[in-house]
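Thank you all for making time this morning.

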Amino acid sequence: MLEDIEATLTLRNADVQDAVEIAALYNYYIEHSCATFEETPLTPEQMGSRMDAVAAKQLPWIVAECEQGVVGFAYAAWLKDRTAYRFAVETTIYLKNGIASKGLGTRLYAELFKALRARNIRTAIGIIALPNQASVALHEKFCMTKAAHLKEVGFKFNTWIDVGYWQCLL
């Protein structure tokens, strides 16, 4: 499957028209994973509103697309709305189920971090539901180091979930 993806893969800025595919990709994780703490699937309209909010703040939202459609996305959102945080973002990345560990996450994050540097963002923070070795490895590949570990802050699928914060200076 990776060969099929690589042959036609394009990384580009997301458009609200991608909301249907992005919502479907993300909803898999809502319904089957603790990677997100959301518990109710999103409609394409809800995802489109989130995408519009990121765009309105002039932050990047990037999709990986091939002839099979959107196979991954990465974006940044302000860490907090207070102005002193204006150089700090939370990064988010999701890949279509079944294509993890194929280098696509690395390509998406490299493009996202390039866009963040162009916007003079100073700090990127990835928030990871733990355990999640694949996500930890991806973040550490980008020189992100563990800055915090919060115990049992999420509860999903009748399980308490820890969260780790990985940070890097861009």
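This is a predicted model: local features need pLDDT of at least 70, side-chain atom pairs count only at pLDDT 80 or more; totals for chains, interfaces and linings use all residues.

An α-helix has 3.6 residues a turn, so residues three or four places apart point the same way.

What do we find just after helix 3? There we come to Gln 58, which takes a positive phi of about 60°, although Gln 58 is not a glycine. This residue sits in the loop between helix 3 and strand 2, and it is exposed, with a relative accessible area of 62%.

Let me turn next to helix 2, which spans residues 19-32 and, with its 14 residues, reaches 20 Å from its first C-alpha to its last, close to the 20 Å expected at 1.5 Å a residue. Buried in helix 2 are Ala 19, Ile 22, Ala 23, Leu 25, Tyr 26, Asn 27, Tyr 29 and Ile 30. The elements that cover these buried residues include helix 3, strand 2, strand 3, strand 4 and strand 6.

How do helix 2 and helix 3 cross? Their axes come within 8 Å and cross at roughly 105°, which makes helix 2 roughly perpendicular to helix 3. On the helix 2 side, the contact is made by Ala 19, Val 20, Ile 22, Ala 23 and Tyr 26, and on the helix 3 side by Pro 44, Met 47, Gly 48, Arg 50 and Met 51.

Staying for a moment with strand 2, I would point out Cys 66, which lies in that strand and, at 8% relative accessibility, counts as buried. Cys 66 and Thr 10 are 56 residues apart in sequence, and yet they are 6.2 Å apart in space, taken from C-alpha to C-alpha.

Now let us move on to helix 4, residues 104-118, which has 15 residues and reaches 21 Å from its first C-alpha to its last, close to the 21 Å expected at 1.5 Å a residue. Which residues of helix 4 are buried? They are Leu 104, Gly 105, Leu 108, Tyr 109, Leu 112, Phe 113, Ala 115 and Leu 116. Seen down the axis of helix 4, these buried residues fall within an arc of 160°, so they line one face of the helix, and on the other side Lys 114 and Ala 118 are exposed. Helix 4 is followed by Asn 120, whose phi is positive, near 60°.

Helix 4 also has a partner in helix 5, residues 133-141: the two pack at an angle of about 45°, with their axes 10 Å apart. Helix 4 and helix 5 are therefore oblique to each other, and their crossing is right-handed. The residues that make this contact are Gly 105, Thr 106 and Tyr 109 of helix 4, together with Leu 138, His 139 and Lys 141 of helix 5.

Two details of the backbone remain. Where is Pro 131? It lies in the loop between strand 5 and helix 5, and a cis peptide bond, with omega about 0°, joins Leu 130 and Pro 131. Finally, in the loop between strand 6 and strand 7 we find Asn 158, which has a positive phi of about 60° although it is not a glycine, and which, at 70% relative accessibility, counts as exposed.

That is where I will stop, and I am happy to go back to any part of this.

Key:
Residues are numbered from 1 along each chain as its sequence is written. Side-chain values use heavy atoms; hydrogens and water are left out. Helices (H or I, at least four residues) and strands (E, at least two) are DSSP runs, numbered from the N terminus. The expected span of a helix is 1.5 Å times one less than its number of residues. Buried means under 20% relative accessible area, exposed over 50%, partly exposed in between (1.4 Å probe, protein chains only). The arc is that of the directions from the helix axis to the C-beta atoms. Axes are lines fitted to C-alpha atoms, for helices over the stretch in contact, and angles run from 0 to 180 degrees between N-to-C directions. Angles under 35 degrees count as roughly parallel, over 145 as roughly antiparallel, 65 to 115 as roughly perpendicular and the rest as oblique. A crossing is left-handed if the near helix is turned anticlockwise from the far one by less than a right angle, and right-handed if clockwise. Contact means heavy atoms within 4.5 Å.
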